[in-house]
Amino acid sequence: MDSPNTLILDHYFPSDVLKITEVIETDKIIIHMKSLSRTCVCPRCHQTLKHYHGTYTRKVQDLPILGKNVQLRIKAHEYICDNEACPVRTVAETFDGFLNANRRMTQRCEDFICMLAMETSCEGCARICQAMNLHISGDTEELFTVGIYKQQERFKADINNKQKKCIGSRSLYDRF
Ligand SMILES: [Zn+2]
């Protein structure tokens, strides 16, 4: 019987491609999931790959739940590109819009940090993330750069439109 206080985590993930296999709660929440894919597309030659090569585990951070840090452990698939004209041999699948290649955070997690950096400052963003148990690391420098870039574009757009309204903190403006 469904409990009224059960949170259905599947609703928060792309359940057509990822299946939750286990959730472990300690001082953080670790969600184990496995890929359901049977094919992927080669990023170089764009052929659909069906030749399964192996499984590897990706360790990824997602947005915190109720103040607890959330880690995903995703068993993702690798496929072989059989196209002899293509220089790529194996392809690690990505989950478009959810988790991109070589990233250690979900897209929504990156978007949140990026927005926070845009609306406050890099230092303010780092402090807020720490308070939320959202761990930021080396990758985050890049996110801050993206955030500042977007801020800059918005600032320019506002100037062009002669809308001199406040869109963020002075510390970001000062960098332009
Ligand atoms: Zn290929």
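Predicted model: local features only at pLDDT ≥ 70, side-chain atom pairs only at ≥ 80, totals over all residues.

Where is the place of N102, and what can be said about the helix α1 named with that place?

Modeller: N102 is placed in the loop between β7 (90-92) and α1, and its phi is near 60°, a positive value in a residue other than glycine. Most residues other than glycine have a negative phi. N102 is exposed, since 9 other C-beta atoms lie within 10 Å and a residue counts as exposed at 12 or fewer. Another loop, the one between β5 (51-65) and β6 (68-80), holds L66, which is not a glycine and yet has a positive phi of about 45°; L66 is exposed, with 8 other C-beta atoms within 10 Å.

Turning to the helix, α1 covers residues 107-119, and its 13 residues, at 1.5 Å a residue, should span 18 Å, which agrees with end C-alpha atoms that are 18 Å apart. Buried residues in α1 are C109, E110, I113, C114, L116, A117 and M118. Two packed helices are described by the angle between their axes and the distance between the axes. For α1 and helix α2 (residues 122-131), the axes come within 7 Å and cross at roughly 135°, which makes α1 oblique to α2, and this crossing is right-handed. On the α1 side the contact involves I113, L116 and A117, which meet C122, C125, I128 and C129 in α2; the residues of this contact divide into 7 nonpolar, no polar and no charged.

Note on methods. Residues numbered from 1 in each chain as written. Helix = DSSP H or I, 4+ residues; strand = E, 2+ residues; numbered from the N terminus. Expected span 1.5 Å × (residues − 1). Buried ≥ 20, exposed ≤ 12 C-beta atoms within 10 Å, placed from the backbone. Axes fitted to C-alpha atoms, helices over the stretch in contact; angles between N-to-C directions. Parallel < 35°, antiparallel > 145°, perpendicular 65-115°, else oblique. Left-handed = near helix turned anticlockwise from the far one by under 90°. Contact = placed C-beta atoms within 7 Å. Nonpolar A, V, L, I, M, F, W, Y, C, P; charged D, E, K, R; others polar.
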